[in-house]
Amino acid sequence: MFTPSQADVRRFFCAVHAKHQQGQPMEAIEVLASEWIQRHPEYHADLADVDAALRQMQQPSDTRENPFLHLSMHLSISEQCSIDQPPGIRQAVELLTARRDSLHQAHHEVMESLGRMIWESQRAGRPPDGQAYIDEIRRKATSR
């Protein structure tokens, strides 16, 4: 399994943004990443300069969201849905999307659940609880 470094992730998103800006052909994963990038114009300046993006790795900010992490989570959720892993994620996200009438809004809510699942897994020293993750998203999709 490929585990990209933080620098690899930053280079990837910056390269995708540049390809989109220049109208260059893209691989399927790049097209998907580009779609999420276009939904986040507030990140375009961060993606426009790969050298600055790499330098900022050394200066983490507690005051603003990490655009590379945010876009990575969108990509992860999209990939989870495309292969329905953990089982049931596709349906849960579809239900939440219908409830919110927005895939983008649904993704942002799923990010909260995904982050919580990862944090709880790390804190407890156990594998991520995919079923609890799915159940939380389903609750969001069915609660008022």
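Me: How many aromatic pairs does the structure hold?
Reply: It holds one aromatic pair. To be counted, ring centres of Phe, Tyr or Trp (its six-membered ring) must lie within 6.5 Å; planes under 30 degrees apart are stacked, those over 60 edge-to-face, and the rest tilted. Please keep in mind that this is a predicted model, in which local features need pLDDT of at least 70, side-chain atom pairs count only at pLDDT 80 or more, and totals for chains, interfaces and linings use all residues. Residues are numbered from 1 along each chain as its sequence is written, and side-chain values use heavy atoms, with hydrogens and water left out.

Me: What makes the pair of Phe-12 and Phe-13 edge-to-face?
Reply: The ring centres are 5.1 Å apart and the planes stand at 75 degrees, so the pair is edge-to-face.

Me: Is Phe-13 buried or exposed, and how do you know?
Reply: Phe-13 has 2% relative accessibility, so it counts as buried. The classes are buried under 20% relative accessible area, exposed over 50% and partly exposed in between (1.4 Å probe, protein chains only).

Me: Why are α1 and α2 called roughly perpendicular?
Reply: The axes of helix α1 (residues 6-22) and helix α2 (residues 28-38) cross at roughly 85 degrees and come within 9 Å. Angles of 65 to 115 degrees count as roughly perpendicular, under 35 as roughly parallel, over 145 as roughly antiparallel and the rest as oblique; α1 and α2 are therefore roughly perpendicular to each other. The axes are lines fitted to C-alpha atoms, for helices over the stretch in contact, with angles from 0 to 180 degrees between N-to-C directions. The helices themselves are DSSP runs (H or I, at least four residues; strands are E, at least two), numbered from the N terminus.

Me: Which residues of α1 meet which residues of α2?
Reply: From α1 come Phe-12, Phe-13, Val-16, His-17, Lys-19 and His-20, and from α2 come Ile-29, Glu-30, Ala-33, Ser-34, Ile-37 and Gln-38. Contact here is heavy atoms within 4.5 Å. The residues of this contact divide into six nonpolar, four polar and two charged.

Me: What makes Arg-39 lie over the face of Trp-36?
Reply: Arg-39 is at 4.7 Å from the ring centre of Trp-36. The rule asks for NZ of Lys or CZ of Arg within 6 Å of the ring centre and within 35 degrees of the ring normal.

Me: What is His-74 in contact with, leaving aside neighbours within four places in sequence?
Reply: His-74, in helix α5 (residues 67-83), is in contact with Trp-36, His-40, His-104, His-107, His-108 and Met-111. At 0% relative accessibility, His-74 counts as buried.

Me: Which residues is His-44 in contact with, again leaving aside neighbours within four places in sequence?
Reply: They are His-17, Ile-37 and Gln-38. His-44 belongs to helix α3 (residues 44-47). The C-alpha atoms of His-44 and His-17 are separated by 7.7 Å, at 27 residues apart along the chain.

Me: How do you know that the peptide bond from Gln-85 to Pro-86 is cis?
Reply: Its omega is near 5 degrees. Pro-86 sits in the loop between α5 and α6 (89-100). Asp-84 lies in the loop between α5 and α6, and it has a positive phi of about 50 degrees although it is not a glycine. Asp-84 is partly exposed, with 24% relative accessible area.

Me: Why does Asp-101 count as exposed?
Reply: Asp-101 has 71% relative accessibility, so it counts as exposed. Asp-101 is found in the loop between α6 and α7 (103-124), and its phi is near 55 degrees, a positive value in a residue other than glycine.

Definitions and conventions:
Ala, Val, Leu, Ile, Met, Phe, Trp, Tyr, Cys and Pro count as nonpolar, Asp, Glu, Lys and Arg as charged, and the others, Gly among them, as polar.
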